[in-house]
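The tour below goes from one selection to the next.

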Amino acid sequence: MGSQAQESDMSPKIAIIGAGLTGLLAAHGLKKNGFHNITVYDGDASPMSRPRDWTLVIHWAMPTFLGLLLPLPTNGVGSNEILTKAICNPYLNFQDDVTESLVAYNGISGDHLFSSLMKGSRRVSRQRLRGLLLEALSSHNSGIGGGDIVQWGKKLVGIETQGEAGLLTLVFADGSVITGVDYVLGADGPASKVRELLFKGQEEDAKLTGSGFMMSSCYPSYHDAEMFERLVQKHPVASVTMSLDTVMGFGVMDAPDPSDKSTWTAFWHKIWKGTAETLPVDRQGKEALNYLKETTKGLAGPFQALIDNTPEGSPCFIDELKTWITRSFSRSPLAGRVTLAGDSAHPMLVYRGQGYQHAITDVRKYVDALRGIVFGGEERVAVMAQFDADVVKRGSEAVVQSLKEAELSMSPETVSKMLMVRKGHGKLEVA
């Protein structure tokens with residue numbers, strides 16, 4: 001067997017655009033499955049250019065996720081260490097159905113509405129998980145042409161085809177050019193440049209559209225153990241409240257010392273109907289927090305206290321939620337070599353936590369597609385067309401479902417019709 005350098009010369013050049021959770025997981029999966037000529041390009045100057053954190057739940061895609069991970073260089077075996085280190089509160093007993101579920105309460109009365117079991121699920125910090133994915137890749141730190149596997153400050157501006165073989169040239173904002181690229185995976189988030197380039201000449205078809213919903217995210221450190229006791233009594237991981245025109249989520253963001261809850265950090269979110277244009281304040285910082293406190297009243301029990309006692313200066317953000325209902329890009333001249341995954345392919349609302357489950361599925365299917373082409377001798381155009389069709393069908397269904405869930409969640413009379421109530425958080429088969 002030849003050296004990795006020799007294997008890299010023979011491997012296809014694969015460029016991943018975007019060093020978020022989807023792009024880094026794709027690099028893991030490809031490296032783990034015998035592809036060595038890979039580089040992840042990200043437009044940010046460094047991993048800390050966007051320090052904002054949030055949580056996400058890995059649930060029905062967990063086995064696939066673990067199967068894609070490389071080990072951390074510290075132990076060289078297994079992949080569970082990455083997951084364990086990323087968990088918001090790793091000190092819990094994850095052997096019971098209560099911990100591995102999401103509980104919903106009536107926001108006004110405090111009555112229990114329903115519980116959604118997510119067996120095997122774990123809530124993780126996005127920033128910690130991203131850092132661990134980067135750390136594991138550091139021991140495989142050789143990308144296209146022998147450069148770093150993750151390259152920062154590389155904002156993509158163009159993709160061109162070259163010669164009869166149809167190989168790709170990537171053009172970046174800093175003037176650099178990468179030639180002879182075989183495949184490009186767009187994992188550059190909801191406002192994806194790769195998606196825009198796939199719809200060149202029809203850029204309107206690639207644009208995000210407003211969902212009609214807003215979402216706030218606040219991350220208070222109360223320095224008050226009693227406050228956290230009241231929070232985890234409702235649920236040790238996270239719970240939601242539903243009341244007229246509002247859905248809220250509360251949970252543990254970070255638990256550095258299991259014996260001292262005053263060291264912990266919480267999160268709370270609010271979802272309501274609205275647009276950025278109608279918001280009367282800045283969308284982050286002190287104004288955002290004061291606005292949320294002023295407009296969120298009458299919640300039951302500890303939930304209102306968690307909002308009212310959020311300290312001044314706590315990180316607080318308000319975002320307009322936007323989506324793109326996945327559509328075919330098969331007519332693009334780039335199709336067959338350029339494709340999409342994760343939020344680039346199907347930016348959806350947070351309901352039922354489906355976004356990253358589908359991103360993980362995209363990555364697994366992408367790795368399998370390239371393995372079939374490169375190692376199995378399968379025909380490239382047909383295999384990639386099949387991959388793209390699956391992403392479009394599965395992604396469009398999930399985006400539409402998330403929009404329907406949001407509408408149903410806004411009224412007590414329609415909550416019972418939500419998929420989250422009827423079917424839980426599990427995987428739904430695409431018709």
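A search of the whole structure finds 18 salt bridges, a salt bridge being a side-chain nitrogen of Lys or Arg within 4 Å of a carboxyl oxygen of Asp or Glu. This is a predicted model, in which local features need pLDDT of at least 70 and side-chain atom pairs count only at pLDDT 80 or more, while totals for chains, interfaces and linings use all residues. Residues are numbered from 1 along each chain as its sequence is written, and side-chain values use heavy atoms, with hydrogens and water left out.

Select K119 and E100. Their salt bridge has its closest N and O atoms 3.9 Å apart. K119 lies in the loop between β5 (112-117) and β6 (122-125) and E100 in the loop between α4 (80-86) and β4, so the bridge ties together parts 19 residues apart in sequence. Helices (H or I, at least four residues) and strands (E, at least two) are DSSP runs, numbered from the N terminus. K119 has 52% relative accessibility and counts as exposed, whereas E100, at 4%, is buried. The cut-offs are under 20% relative accessible area for buried, over 50% for exposed, and partly exposed in between (1.4 Å probe, protein chains only).

Next, select D174 and K154. The closest N and O atoms of this salt bridge are 3.0 Å apart. D174 is partly exposed, with a relative accessible area of 47%; K154 is buried, at 12%. The charged end of K154 sits over the ring of F172, 5.1 Å from its centre. That description requires NZ of Lys or CZ of Arg within 6 Å of the ring centre and within 35 degrees of the ring normal.

Move to helix α6 (residues 193-198), where E196 and K193 lie three residues apart, about one turn of the helix. Their side chains meet in a salt bridge of 2.9 Å, N to O.

Finish with the rings. How many aromatic pairs does a search of the whole structure find? The search finds nine, counting rings of Phe, Tyr and Trp (its six-membered ring) with centres within 6.5 Å; planes under 30 degrees apart are stacked, over 60 edge-to-face and the rest tilted. Select F65 and Y356: their ring centres are 6.3 Å apart and their planes at 65°, so this pair is edge-to-face. Both F65 and Y356 are buried.
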